[in-house]
Amino acid sequence: MVLMTYCTAIVILAWALCFSSIHCAKNHQKIGICTFIVHPVCPDPSINFYLYTRENQYNPQLVTVENITESYYVKSLENKFILHGFNSNMTLDVLQSIKDEYLMQADVNVWMIDYHDVAAGPSECYFAAVYNLPAVGKCSALFVRKIIELSEVELPEEVMHVIGFSLGGQLASQISKNLKPIKLPRITGLDPALPLFYSSHLNRRLSRNDADFVDVIHTNAMIQGQLAPCGDVDFYVNGGLAQPGCHNSSNPISCDHHMAPTYFAESIRSTTGFWAWPCPSTYDYFTGKCPRHGDLELMGECVNHSATGQYVLHTNSEPPYAQGDWNCSLDLKTIKLVEHFRRLSCLNSGLLKVVDDSVYTRVDVADGLDFRIPEVTGRRKSAEGVELGKIKTTRGDETCDGR
């Protein structure tokens, strides 16, 4: 209540400063060291977009709506758009790790926003960052719309995948709102921010309606991140409140929060996989009512796009964090179909699309092209559409990674 009262007073003061002038030419107003966007205009010099590709992996290219076609952008490649949060920027190490993992794994366009000038400062400025989010979302949507218009990808879900960490997870919702009638194929929320986002009606909290598919990873729920489910599928890592690798950290809360993008980065090229089991609530998990059971779902980049509900999983306390299958007796059982094969990339997570039976299955991969699959025959294609040939049904000793 005190925070809300303080924040309300701040924004009223910002409006008063602006409208007290007959010619309020400034788009931004400062209250102390906090910046408010009082007149949203796009483009805004404080909201910038950068492109990374394999041609410039460590040298970000500043791109505008007007010069996208003159950049390193490749129309036929998949697009990933990474959003930072409060008091941060695109150089945050965990977000750079996501970018690097993508580019090591495949040839893609990785876009990153930097709006730190209107999302920075001490904790008292957090409200200003939240207040500015609709303006940032508006300008971001214009940029995303142009990329979508130019894109020539083969699969609809590859046109744009938005990945938002913390306040960036809530920014993804604002982008979705401003894109209408276009709907994003996928949003991944990485511990979406909790403060001032307590319901879908207050400041437009991220929800499963914001994209065709929304997957969310919770690591610091009830403190910096959301506890309530936000997506089609929500993963509560180690219960979603605290992470084992952060117990000895000098700032365990911050560490817990940042583990969401850390886990996601590892998932991109993991050969073990973050496998989770269903659990209806965190309360059930912490009261021992969610033993490992039921059908597994894979958390992270190669998540099943038809997955729904809430899941929990365990991780290691140090990298690699993924523990793999929790039950080796699964006999490599088939996993539910995701509506589209996630290219050759998901092969790295032990996933293979078997077209004939419309399922995914766990596989052992040898030299990238040799497969051992029980009781399944089918065909698969690489990202370029090159057929890799008939997959033979074989039997052999079954192994589980991450044991």
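Predicted model: local features only at pLDDT ≥ 70, side-chain atom pairs only at ≥ 80, totals over all residues.
Colleague: Which strands stand at the edges of the open sheet, each with a single partner strand?

Modeller: The open sheet is formed by 11 strands with mixed pairing, in the order β4-β3-β6-β5-β7-β8-β9-β10-β13-β11-β12. A strand at an edge has a single partner strand, so one side of it is left without a neighbour in the sheet. The strands in this position are β4 (61–63) and β12.

Colleague: What is the bridge partner of Leu51 in β4?

Modeller: Strand β3 (residues 48–52) pairs with β4 over three bridges. The sense of this pairing is antiparallel. In β4, the bridge partner of Leu51 is Gln61.

Colleague: How many residues apart are Lys80 and Glu301, which form a salt bridge?

Modeller: The closest N and O atoms of Lys80 and Glu301 are 2.9 Å apart, and a salt bridge requires such atoms within 4 Å. Lys80 belongs to strand β5 (residues 79–83), whereas Glu301 lies in the loop between β12 (297–299) and β13 (309–313). The pair therefore links distant parts of the chain, 221 residues apart.

Colleague: Are Arg186 and Glu301, which meet in a salt bridge, buried or exposed?

Modeller: The side chains of Arg186 and Glu301 meet at 4.0 Å, N to O. As to their setting, both Arg186 and Glu301 are buried.

Colleague: Asp210 forms a salt bridge with Arg204; what is the relative accessible area of Arg204?

Modeller: The closest N and O atoms of Asp210 and Arg204 are 2.9 Å apart. Asp210 is buried, with a relative accessible area of 2%, because buried means under 20%. Arg204 is partly exposed, and its relative accessible area is 25%.

Colleague: Which helix gives the largest share of the lining of the second largest pocket?

Modeller: The second largest pocket has a volume of about 350 Å³. Lined by 16 residues, this pocket has Phe86, Tyr126, Ser166, Gln224 and His257 as the closest to its centre. The largest share of the lining, three residues, comes from helix α5 (residues 252–269).

Colleague: How many residues of the lining of the second largest pocket are charged?

Modeller: The residues of this lining divide by class, with seven nonpolar and nine polar. The number of charged residues in the lining is given as no charged.

Notes: Residues numbered from 1 in each chain as written. Heavy atoms only, no water. 1 Å grid on protein atoms, 1.4 Å probe; cavity = no way out; pocket = protein on both sides within 12 Å on 5 of 7 lines; lining within 4 Å. Points joined across faces, edges and corners; volume = space filled by probe spheres on them. Helix = DSSP H or I, 4+ residues; strand = E, 2+ residues; numbered from the N terminus. Nonpolar A, V, L, I, M, F, W, Y, C, P; charged D, E, K, R; others polar. Buried < 20%, exposed > 50% of the residue type's maximum accessible area, 1.4 Å probe, protein only. Pairing = 2+ DSSP bridges.
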